[in-house]
Amino acid sequence: MNIEMIRAAAKRLDGHARLTPLLTSPFLDEIAGRRVWIKPECLQHTGSFKFRGAWSALSALDPEVRRAGVIAFSSGNHAQGVALAARMHGVAAVIVMPRDAPALKIANTRALGADVVLYERGSQDRDIIGAELAQTRSLTLIKPFDEPQVIAGQGTVGLEIAAQAQAAGVEQADVLVCCGGGGLTSGIALALEADAPGLRVRPVEPQGFDDVARSLVSGQIERNAATSGNLCDAIITPQPGDLTFPIMHRLCGPGLTVSEDEALYAMAQAFLRLKLVAEPGGAVALAAALCRQEAIDGDDVIVTISGGNVDPHLFAQSLESLT
């Protein structure tokens with residue numbers, strides 16, 4: 001992985017991905033005790049940054065290989081990103097999704113034209129299911145985070161943050177990133193190392209699923225004891241990626257964790273103050289900025305809202321947290 005791959009992905013994404021803004025709110029600044037700059041990838045195509053990595057990966061494939069179709073594993077956001085990128089390229093996509101994934105994400109993935117194959121998270125192995133499908137249908141696997149071209153696509157978020165922060169006069173800040181397997185986190189970290197070295201990436205995870213934070217402390221890949229059981233489904237992974245962890249270990253500051261209630265609170269604040277819809281996993285970075293003030297240094301903090309694909313009842317639950 002290198003910055004040239006990220007810049008190349010940015011060229012391939014030009015005209016296809018949305019350039020999302022960097023937003024502020026004086027109300028959020030007051031809660032956080034510093035200026036909060038928000039990168040809302042919930043406004044990206046399919047409601048998540050995942051479209052960037054999906055487009056980057058598909059567009060980098062040999063045309064003959066791509067024409068045979070692709071397959072992906074996902075609880076929803078990577079699924080939708082791959083489904084849309086495949087449809088835009090005119091190729092078939094098969095998505096292996098857990099049966100307990102949010103209904104909205106399953107429905108949207110199917111609506112984008114993908115063949116959705118559901119499995120039981122607790123009793124079936126998605127890798128075995130996917131391997132059989134890939135072999136029988138000659139499909140190319142697009143991994144959700146541990147894939148160079150996917151990381152490169154996610155790194156384009158970092159290129160935009162660097163340019164937008166410079167335009168706003170922000171030279172020193174922690175950049176809080178919603179983190180699962182580390183594709184977005186490592187991609188942003190590589191981009192900022194090159195274009196904004198004064199901005200330090202810090203991964204944010206749900207409490208009880210802090211494999212990246214623990215791995216950064218120990219210096220080796222640590223696993224989560226469980227792979228489900230949290231509202232932040234979009235960023236629950238067994239462990240950091242083999243490709244993403246070395247990048248994060250070299251470039252990232254200490255990880256942060258937040259509770260489910262804090263993620264719901266951040267969702268409500270994003271809606272109330274910026275009219276943004278965030279999902280729980282996409283709101284953890286904002287939750288850390290608002291609820292972990294003592295763990296952050298400096299006058300500015302930059303946060304990603306990485307996704308906004310949330311079922312209506314759960315979104316309503318977040319708004320009720322304000323009453």
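Helix α10 (residues 211-218) and helix α11 (residues 244-251) have axes that come within 10 Å and cross at roughly 65°, and α10 passes α11 in a right-handed crossing. The contact involves V212, S215 and L216 of α10 together with F245, M248 and H249 of α11, where contact means heavy atoms within 4.5 Å. These residues divide into four nonpolar, two polar and no charged. The model is predicted: local features need pLDDT of at least 70, side-chain atom pairs count only at pLDDT 80 or more, and totals for chains, interfaces and linings use all residues. Residues are numbered from 1 along each chain as its sequence is written, and side-chain values use heavy atoms, with hydrogens and water left out.

Aromatic rings of Phe, Tyr and Trp (its six-membered ring) pair if their centres lie within 6.5 Å; planes under 30 degrees apart count as stacked, over 60 as edge-to-face and the rest as tilted. By this rule there are two aromatic pairs. The ring centres of F51 and W55 lie 6.0 Å apart with planes at 40°, so this pair is tilted. Both F51 and W55 are buried (buried means under 20% relative accessible area, exposed over 50%, partly exposed in between, with a 1.4 Å probe and protein chains only).

For F271 and F315, the ring centres are 5.5 Å apart and the planes at 90°, so the pair is edge-to-face. This pair links distant parts of the chain, with F271 in helix α12 (residues 260-274) and F315 in helix α14 (residues 312-320), 44 residues apart. F271 is partly exposed, at a relative accessible area of 32%, whereas F315 is buried, at 13%.

Terms used:
Axes fitted to C-alpha atoms, helices over the stretch in contact; angles between N-to-C directions. Helix = DSSP H or I, 4+ residues; strand = E, 2+ residues; numbered from the N terminus. Left-handed = near helix turned anticlockwise from the far one by under 90°. Nonpolar A, V, L, I, M, F, W, Y, C, P; charged D, E, K, R; others polar.
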